[in-house]
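Q: Could we go through this structure together? I would like to begin with the chain interface and then turn to the inside of one chain.

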Amino acid sequence: MRARAGRVSLRAMGDAAWLRPALLLVIIVALWALAVQIFNIPAYLIPRPLDVAEAMVDQWQTLLAEAVPTTLATLGGFALSVAVGIPLAMLIAGSRTVESYVYPLLVFSQSVPKVAIAPLLVVWFGFGMLPKVLTAFLLGVFPIVVSGVQGFKSVDPEMRDLVRSMRADWLQSFAYVNLPQALPSIFSGLKVSVTLAVVGAVVGEFVGANSGIGFVLQRSIGNFELPTMFAALVILALIGVILFWLIELVERIVVPWQASRRVDVAATA
Amino acid sequence: MRIATSRVAETGPAAAGPVPIPPVAAPLIGIRDLSKTYRTKAGETPTLSSVSLDVRAGEFVAVVGPSGCGKSTLMKLVAGLIPATSGEISIEGRPVREPPDDVGIVFQSPVLLAWRSVLGNVMLPVDVRRLDRARYRERALQLLETAGLKGFETRYPWQLSGGMQQRAAICRALVHDPAILLMDEPFGALDAMTREHMNVELQRIHGATGKTILFITHSIPEAVFLADRVVVMSPRPGRIEAVYDVELPRPRDLEMMGERGFIALVKRIRGHFAAIGALD
């Protein structure tokens, strides 16, 4: 009886969305600690989780300070991705001619490794914020364009006819139909984009910066300060997760019909 | 406002038009020698071939035909959504070159906007046409009430059943009070019971409002039940094969579908398709 009650409450707790991944994380960290112990891995290869936690506690002020430029570069690159990606997606979805010229080149440009371009950006724009923002942009813009094109093209042809039969002008059909129709798709692109923008910012910091989490990563690996390096990785992951979560929050406010559609309340005629 | 002026302005060109003898009552919709050929990379697809049809004001005309006979093309042409290859369509004597103001359209799918409430969806034509919101809101609410959607105004489309969604779509087509209602297989996606119910409903709307309705369907009983005239179309390229007057008394109820006159007419119309092997 007691065992059964325990199982039920455990399942109820498992229903909280954050609990399952948290549980998995605890298991992974435990396995990590166990593996370091059992296989006797030296600390300069893989530090113990406890060492990482210690490094985080000791250096939290530095880490937090260095997280600021990385976050700013990420946000800058992301904002640029949105500002360029969404209008570009509108153009591609709206015109076959533009699509035939631009889309193949865009896909081609995606196969050029951004990591290889990053040093070039430093040569052009020097050390500092701009090259970081640009690498974040280069990584972040593609998913927005792809999801945007898909979203803008998802308008039902009958809906298009309907709006045209009301003699809607371009702006009206965009505001009343095309944009809201594209929003769910755009938001899924934004979520991918923001995590990639974090990667882009760090890549930018790798090749030419004297601040930011990417810089901390490089310095600590140069000095064999593995716990610091792992702590920096955790910070980096946190930046990504928080930004992702923020976009999901905005999505819930801007696209409420998408979330509410999951709740199946159908009336009968 | 715009609707009223367009009605007054039309009489002139109709009299001066190419039709030599004006009919007793000038047709509201005049279709002359209408042809449509789609040109694609794969070649030319003749879809409609010299279709001529007059629809009088207040008349309910149903068009039946096998799939691919150009029924939907005919409707898009009348709605001014696509240009004709040759021939002419006029509404109130004025040639259709762009979507006319005096027309409401219902498609097979309700195409409601998921982010607008039921009332918001019905009000969409008012917003797009920049009409007086306050005045038309009253009308929209009234339409929803007669459509049995009272209490659902603030709900969202996904909270409604298919039949209710289609009723909301009909309200949307009627909200700006157009003289003509174009319906392209509006009940094709509904289950049989809901469909019959909607047929009765539409007949009531037709009787109460006196709208002119051009109704595309592939259901012969539905066409006979609803229409004053049934236009039979042949497979591609679509031509008018025959036109039947339905002289069954109104209002018609579902019981009538079992009566001899009804069955005989359905059978005769079905004969057209059996002969060319195009149906079932």
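This is a predicted model: local features need pLDDT of at least 70, side-chain atom pairs count only at pLDDT 80 or more; totals for chains, interfaces and linings use all residues.

Q: How many residues of chain B are in contact with chain A?
A: On the side of chain B there are 32, and they are in contact with 25 residues of chain A. Contact means heavy atoms within 4.5 Å.

Q: And what area is buried between the two chains?
A: About 2,600 Å² is buried between chain B and chain A, and carbon and sulfur atoms give 61% of that area. Buried area is the accessible area (1.4 Å probe) that two parts lose on being put together, summed over both.

Q: Which three residues of chain B supply more of its buried area than any other three?
A: They are Trp115(B), Val128(B) and Trp158(B), which supply 28% of the area that chain B buries against chain A.

Q: What about polar pairs across the interface, how many are there?
A: Seven residue pairs are in polar contact between chain B and chain A, both residues being at pLDDT 80 or more. A polar contact is a pair of N or O atoms within 3.5 Å; within protein, one must be able to donate a hydrogen and the other to accept it, and residues adjacent in sequence count only if both atoms are side-chain atoms.

Q: Which elements of chain B give two or more residues to that side?
A: Those elements are α5 (124-128) and α7 (162-174) of chain B. α5(B) gives the most, with four residues. Helices (H or I, at least four residues) and strands (E, at least two) are DSSP runs, numbered from the N terminus.

Q: How many salt bridges cross the interface?
A: The rule finds four between chain B and chain A. A salt bridge is a side-chain nitrogen of Lys or Arg within 4 Å of a carboxyl oxygen of Asp or Glu. One pair that meets in this way is Arg130(B) with Asp169(A), at 3.6 Å from N to O.

Q: And how many over all chains?
A: The search of the whole structure finds 22 salt bridges. Among them, Arg32(B) and Asp54(B) meet at 3.0 Å, N to O. Arg32(B) lies in strand β1 (residues 29-40) and Asp54(B) in strand β2 (residues 43-55) of chain B, so this pair ties together parts that are 22 residues apart in sequence.

Q: Is there a pair to look at for burial: what is the state of Arg56(B) and of Glu59(B), buried or partly exposed?
A: Arg56(B) counts as partly exposed at 43% relative accessibility, whereas Glu59(B) is buried with a relative accessible area of 3%. The two form a salt bridge with their closest N and O atoms 3.2 Å apart. Buried means under 20% relative accessible area, exposed over 50%, and partly exposed in between (1.4 Å probe, protein chains only).

Q: What about Arg116(B) and Asp127(B), buried or exposed?
A: Both Arg116(B) and Asp127(B) are buried. Their salt bridge has its closest N and O atoms 3.1 Å apart.

Q: Changing topic, how many residues of strand β9 of chain B are buried?
A: Five of the five residues of β9(B) (residues 229-233) are buried. Arg229(B), Val231(B) and Met233(B) cover one side, with Val230(B) and Val232(B) on the other.

Q: Which strands does it pair with, and in what sense?
A: Strand β3 (residues 60-64) of chain B runs parallel to β9(B), joined by four bridges, while β10 (residues 240-245) of chain B pairs with β9(B) in the antiparallel sense over five bridges. Two strands pair if DSSP finds at least two bridges between them. Val61(B) stands opposite Arg229(B), and Ala242(B) in β10(B) is the bridge partner of Val232(B).

Q: Where does Ser234(B) lie?
A: Ser234(B) is in the loop between β9 and β10 of chain B, and this residue is buried, with a relative accessible area of 2%. Leaving aside neighbours within four places in sequence, Ser234(B) is in contact with Cys69(B), Arg239(B) and Glu241(B).

Key: Residues are numbered from 1 along each chain as its sequence is written. Chains are lettered from A and ligands numbered from 1 in the order in which they are written. Side-chain values use heavy atoms; hydrogens and water are left out.
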